[in-house]
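User: Hello! I am new to this structure and would like to learn how to read it. Could you take me through it step by step?

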Amino acid sequence: VNPIFGLLYAFFFSNTIGRQLTKSILTTIILGTLFVILEHLGYTIIYISTTYLGTYIPLVASLLVLWYLVGHVL
């Protein structure tokens with residue numbers, strides 16, 4: 001194994017800081033991709049109004065589920 005790949009693997013998957021960093025990067029990539037896909041399909045993601053507060057509840061629930069799953073996969 002290349003020492004550089006070994007070093008990267010050891011950092012991102014073996015210590016606590018690396019695992020948390022990997023989890024945050026993967027979550028950001030997944031959420032960014034989700035927002036791009038929804039925007040491409042014509043859905044507006046965020047409304048700044050209290051009348052649309054009910055639409056945030058499923059988004060927040062899905063973010064919590066996503067965070068839980070990413071945390072237990074890694």
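Analyst: Gladly! Helices (H or I, at least four residues) and strands (E, at least two) are DSSP runs, numbered from the N terminus. Here the protein chain has three helices and zero strands, in the order α-α-α along the sequence. This is a predicted model, where local features need pLDDT of at least 70, side-chain atom pairs count only at pLDDT 80 or more, and totals for chains, interfaces and linings use all residues. Residues are numbered from 1 along each chain as its sequence is written, and side-chain values use heavy atoms, with hydrogens and water left out.

User: How do α1 and α2 lie relative to each other?

Analyst: Axes are lines fitted to C-alpha atoms, for helices over the stretch in contact, and angles run from 0 to 180 degrees between N-to-C directions. Angles under 35 degrees count as roughly parallel, over 145 as roughly antiparallel, 65 to 115 as roughly perpendicular and the rest as oblique. The axes of α1 and α2 cross at roughly 80° and come within 5 Å, so the two helices α1 and α2 are roughly perpendicular.

User: Which residues of α1 and α2 meet?

Analyst: Contact means heavy atoms within 4.5 Å. From α1, F11, F12, F13 and S14 meet T16, I17, G18, R19, L21 and T22 of α2.

User: Is T27 buried or exposed?

Analyst: Buried means under 20% relative accessible area, exposed over 50%, and partly exposed in between (1.4 Å probe, protein chains only). T27 sits in helix α2, which covers residues 16–40, and T27 counts as buried because its relative accessibility is 7%. Leaving out residues up to four places away in sequence, T27 touches L66, W67 and V70. Across the 74 residues of the protein chain, 9% count as buried.

User: And what about F11?

Analyst: F11 belongs to helix α1 (residues 3–14). With a relative accessible area of 32%, F11 is partly exposed.
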